[in-house]
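Subject: Structure handover

Hi,

Here is the structure for you to look at. Please open it first, then read my notes below.

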Amino acid sequence: LYKIDPMYQFSLEWYMDLFQRSIKQSQTTPAVESVELRVSNIFKYHRLEVYRNACRSLFERHKLLLSLQIVVKLSDWNESQMEEWNFFLRGGQVFDRKDQPPNPAKDWITANAWDNITTLETLPIFQGIIGALTYNAKEWKRWYNSAMPENTNLPGEWESKCEDPLKKMLVLRCLRPDRIVFAATKFVENSLGRAFVDNR
């Protein structure tokens with residue numbers, strides 16, 4: 001977070017105090033219960049307390065970023081998933097368009113969106129997405145024009161290919177970046193629970 005704003009830095013003393021409080025205030029278990037259950041209770045309580053206390057110091061627009069960061073740090077993702085996450089953060093970059101396949105629908109796929117799609121094609125699971133957009137442009141345009149594409153099935157085989165919410169967010173990032181906040185909120189809620197997107 002400190003890369004977003006230098007004031008987003010928390011001291012070790014602040015964290016240690018928060019950790020001690022989490023141990024004291026988390027749900028206790030009877031002595032007969034397992035150590036694993038007690039540790040699990042502390043972990044769940046502490047995770048939420050870190051989020052809530054950190055949010056007190058964040059601008060509203062950065063709270064979802066913190067939630068996403070928590071999801072990623074707690075996820076046991078493989079190399080391929082981390083590659084997808086990096087694409088989500090940075091998008092696609094095309095430095096030389098002369099070798100780029102032609103945009104099949106310039107009326108609704110912007111040059112920037114097409115750059116993202118052609119870069120997305122380099123990720124293993126997304127091989128063939130250029131062909132799908134080229135040969136099934138009507139269906140893709142229908143999805144693109146939907147009011148809530150994050151809740152609408154992707155055309156053809158792509159809904160099953162992108163059943164992992166992160167993968168669907170990558171397609172949204174390319175074609176409908178205006179809906180990313182809604183998709184990311186849903187992603188966090190499904191991963192961590194409603195408390196991590198409700199900042200009241």
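**The loop residue Gln100**

Gln100 sits in the loop that runs between α4 and α5. Helices here are DSSP runs of H or I with at least four residues, strands are E runs of at least two, and both are numbered from the N terminus. Before going on, note that this is a predicted model: local features need pLDDT of at least 70, side-chain atom pairs count only at pLDDT 80 or more, and totals for chains, interfaces and linings use all residues. Residues are numbered from 1 along each chain as its sequence is written, and side-chain values use heavy atoms, with hydrogens and water left out.

Gln100 has a relative accessible area of 16%, so it is buried. Buried means under 20% relative accessible area, exposed means over 50%, and partly exposed is in between (1.4 Å probe, protein chains only). The Gln100 side chain makes a polar contact with the side chain of Asp115 at 2.9 Å. It makes another with the side chain of Thr118 at 3.0 Å. A polar contact is a pair of N or O atoms within 3.5 Å; within protein, one must be able to donate a hydrogen and the other to accept it, and residues adjacent in sequence count only if both atoms are side-chain atoms. Leaving out residues up to four places away in sequence, Gln100 touches Val94, Trp114, Asp115 and Thr118. Contact means heavy atoms within 4.5 Å.

**Helix α5**

Both polar partners of Gln100, Asp115 and Thr118, are among the buried residues of α5. Of the 10 residues of α5, 8 are buried, so the helix is largely enclosed by the rest of the structure. The cover over these buried residues includes α4, α6 and α9.

**How α5 meets α9**

Two packed helices are described by the angle between their axes and the distance between the axes. For α5 and α9, the angle is about 150° and the axes are 7 Å apart. The axes are lines fitted to C-alpha atoms, for helices over the stretch in contact, and angles run from 0 to 180 degrees between N-to-C directions. The two helices are therefore roughly antiparallel. That term applies over 145 degrees; under 35 counts as roughly parallel, 65 to 115 as roughly perpendicular and the rest as oblique.

From α5, the contact uses Ala113, Asn116, Ile117 and Leu120. From α9, it uses Leu170, Val171, Arg173, Cys174 and Leu175. By class, that is 7 nonpolar, 1 polar and 1 charged residues. Ala, Val, Leu, Ile, Met, Phe, Trp, Tyr, Cys and Pro count as nonpolar, Asp, Glu, Lys and Arg as charged, and the others, Gly among them, as polar.

**Inside α9**

How many residues of α9 are buried? It is 10 of the 11, so α9 is largely enclosed by the rest of the structure. The cover over them includes α4, α5, α6, α7, α8 (158-161) and α10.

- Leu166 is in α9 and counts as buried at 0% relative accessibility. Beyond four places in sequence, it touches Trp77, Gln81, Glu84, Trp85 and Phe187. Leu166 and Gln81 are 85 residues apart in sequence, yet 8.5 Å apart in space, C-alpha to C-alpha.
- Cys174 is also in α9 and counts as buried at 2% relative accessibility. Beyond four places in sequence, it touches Phe87, Ala113, Asn116, Ile117 and Leu120. Cys174 and Trp114 are 60 residues apart in sequence and 7.6 Å apart in space, C-alpha to C-alpha.

**The nonpolar core**

The largest nonpolar core has 48 residues. Such a core is a set of buried Ala, Val, Leu, Ile, Met, Phe, Trp, Tyr and Cys residues joined through side-chain atoms within 4.5 Å. Leu120, Trp140, Val171 and Leu175 have the most contacts inside it. The largest share, 7 residues, comes from α9. Leu175 is in contact with Ile109, Ala113, Ile117, Leu133, Trp140, Trp143 and Tyr144, leaving aside its neighbours within four places in sequence.

**Elsewhere**

Lys63 lies in α3 (residues 63-74). At 9% relative accessibility, it counts as buried. Its side chain makes a polar contact of 3.1 Å with the side chain of Glu60.

Best wishes
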